[in-house]
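Subject: Structure handover

Hello,

Please find the structure below, followed by notes on what was found in it.

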Amino acid sequence: MMIEATGVRKSFAGREVLRGIDLSVPRGSVTCVIGPSGSGKSTFLRCVNRLERPDGGRILVDGDPIGYEPYRDGLRELRRRDLARQRRDIGMVFQRFHLFPHLTALANVVEGPVGAGRPRAEATKEALALLDRVGLADRRDAYPAQLSGGQQQRVAIARALAMRPKLMLFDEPTSALDPELVGEVLDVMRGLAADGMTMLVVTHELGFAREVADEIVFFDDGQILESGPPSRVLTAPEHPRTRDFVTRVL
Amino acid sequence: MSAELPVYRRRRPGQWVLTLVVVLLAASLLRSLITNRRFGWDTVGAWLFSRTVMTGLLTTLELTAVAMAIGLVLGIALALMRLSDNPVARSVSWAYIWLFRGTPLLVQLLFWGFISALYPTLSLHLPLLPAIGDVPANSVITTFAAALLGLGLNEAAYLAEIIRAGIVSVDPGQLEAADALGLSRVRTLRRIVLPQAMRVIIPPVGNETISMLKTTSLVSVLAYAELLYSVQIVYSRTYQTIPLLIVASIWYLAVTTLLNVGQHYLERHFAKGGSR
């Protein structure tokens with residue numbers, strides 16, 4: 001398993017946002033998380049690379065507990081430096097891109113690998129190949145403000161891939177885009193899935209989910225109500241709330 | 001709408017009246033500058049590039065540069081301490097800023113100048129360790145050192161708050177992106193946060209630098225010959241007070257102008273990638 005989450009809990013200011021999430025993502029598979037807004041999908045995703053610190057439960061990525069190291073007969077919290085090392089293996093794409101605005105597209109992609117100690121020449125070569133892969137080789141010297149939303153998100157994907165992650169997290173990657181720009185980002189993600197990348201995707205694009213996902217997980221009010229292959233969850237949902245959500249979004 | 005209709009420029013009579021008033025006032029000021037012999041322009045000319053004034057000017061520039069450098073290094077450290085998770089670091093930074101912003105710079109300068117009255121010798125006593133160093137205070141804290149300590153330590157308190165405001169102004173999403181990439185804390189600060197904070201930090205720091213240039217004149221209370229004290233020495237001998245104050249003012253204005261130009265280019269540099 002690439003991700004094994006058990007009993008993940010998280011509260012914000014007394015409000016329980018995650019009430020015991022159990023979720024497994026097999027290596028090389030694509031899992032799409034769907035559900036109404038406020039149901040805890042994004043919070044769970046952010047727990048996987050510990051941008052959010054869960055209050056309870058645990059998350060293993062590729063067998064390692066995220067944010068902890070073995071200590072005596074149990075675990076203890078990692079130093080920031082070691083947590084950073086864990087995060088390098090987990091790519092993350094944000095809803096609002098969060099590209100570094102003072103760096104060019106190329107410099108955005110190069111920053112991570114160089115920060116991890118890879119030689120700049122090698123990182124640049126690989127970054128150019130990645131920009132080419134997301135169809136933006138000709139915009140390497142553009143600053144984020146000079147790119148469209150779809151182009152920015154594609155650079156953000158290249159930036160995450162530059163760390164050679166074994167897992168990619170997508171947090172509503174197309175929700176901040178104009179409708180006509182959604183396709184170009186989904187195309188890049190389809191390509192990644194086809195190449196066998198393990199992906200956990202929070203999305204409202206049910207068409208994409210149906211086509212690409214191996215597993216659909218439906219979140220509601222901090223819990224997983226239903227999960228399974230798209231053919232079941234999207235076409236013949238068991239739970240009335242899932243049915244309600246799917247018909248409303250489609 | 002209708003491209004054929006002629007479009008007339010609106011007349012602005014107020015602008016013409018204001019221009020006339022300003023021209024008249026400027027002319028009368030210019031006339032007095034030329035005809036009032038007590039300005040002593042020949043004396044100004046004689047002293048403007050004199051050795052005394054040049055030495056004073058260099059000292060002022062040196063004090064400004066070194067005090068701002070001390071202030072910036074210490075200010076960054078204080079700002080980071082203030083924003084740190086560590087409650088001890090936060091409290092130390094808070095107390096430092098409270099003390100150095102809360103007392104007049106003039107008093108701080110005098111304290112450093114008269115430090116030997118408080119501590120005739122300097123040594124460091126830590127519990128369980130022998131005392132480190134035991135030197136006369138006046139040999140370590142010379143007048144120059146006292147001036148720099150006074151100006152630099154005070155400036156650090158103000159710059160700390162300016163830098164903190166700049167750091168806080170950076171979108172939290174930038175930190176999340178850096179965290180998700182696994183960048184180290186130092187690299188995140190140096191490569192991601194500070195370059196973006198600069199756009200907020202530079203204008204007030206430019207202000208502070210220009211302010212520092214003129215604040216160095218307070219050092220004259222320590223009888224240290226920066227620009228103002230240098231001309232004061234001269235006019236206390238020759239009684240040409242006004243012309244020599246004009247000499248000092250001309251140099252303060254000239255350096256301020258240069259600093260403005262420098263700030264313009266710095267701002268342009270850090271506006272890279274900006275859409276605003």
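This is a predicted model. Chain B reads, along the sequence, as α-α-α-α-α-α-β-β-α-α-α-α-α-α. Its radius of gyration is 26 Å, whereas the globule rule gives 19 Å for 276 residues; the value is well over the rule, so chain B is more spread out than a compact globule. The total for chain B is 12 helices and two strands. The C-alpha trace of chain B spans about 85 × 70 × 30 Å along its principal axes.

Two further figures describe chain B. Of its 276 residues, 26% are buried. Among the contacts in chain B with a separation of 6 or more, 73% are between residues 24 or more positions apart.

Strand β1 of chain A (residues 3–12) pairs with strand β2 of chain A (residues 15–25) in the antiparallel sense, over eight bridges. One of the bridge pairs joins E4(A) to S24(A) in β2(A). The two strands β1(A) and β2(A) make a hairpin with two residues between them. In the turn, A13(A) has a positive phi of about 50 degrees.

On the interface: 24 residues of chain A are in contact with 20 residues of chain B. On the chain A side, the elements that give two or more residues are α2 (80–87) and α3 (105–115) of chain A. Of these, α2(A) supplies the largest share, five residues. By residue class, the side of chain A that touches chain B has 12 nonpolar, seven charged and five polar residues.

Last, the nonpolar cores. The largest has 79 residues, and I3(A), V48(A) and V109(A) have the most contacts inside it. Helix α5 of chain A (residues 149–161) gives the most to this core, with six residues. If you want a place to begin looking, take V48(A): leaving aside residues up to four places away in sequence, V48(A) touches I3(A), I59(A), V61(A), I66(A), I90(A), L169(A) and L200(A).

Regards

Terms used: Residues are numbered from 1 along each chain as its sequence is written. Chains are lettered from A and ligands numbered from 1 in the order in which they are written. This is a predicted model: local features need pLDDT of at least 70, side-chain atom pairs count only at pLDDT 80 or more; totals for chains, interfaces and linings use all residues. Helices (H or I, at least four residues) and strands (E, at least two) are DSSP runs, numbered from the N terminus. The radius of gyration is taken over C-alpha atoms; the globule rule is 2.2 Å times the number of residues to the power 0.38. A residue is buried if 20 or more other C-beta atoms lie within 10 Å of its own, exposed if 12 or fewer, and partly exposed in between; C-beta atoms are placed from the backbone. Two residues are in contact if their C-beta atoms, placed from the backbone, lie within 7 Å. Two strands pair if DSSP finds at least two bridges between them. Ala, Val, Leu, Ile, Met, Phe, Trp, Tyr, Cys and Pro count as nonpolar, Asp, Glu, Lys and Arg as charged, and the others, Gly among them, as polar. A nonpolar core is a set of buried Ala, Val, Leu, Ile, Met, Phe, Trp, Tyr and Cys residues joined through C-beta atoms within 7 Å.
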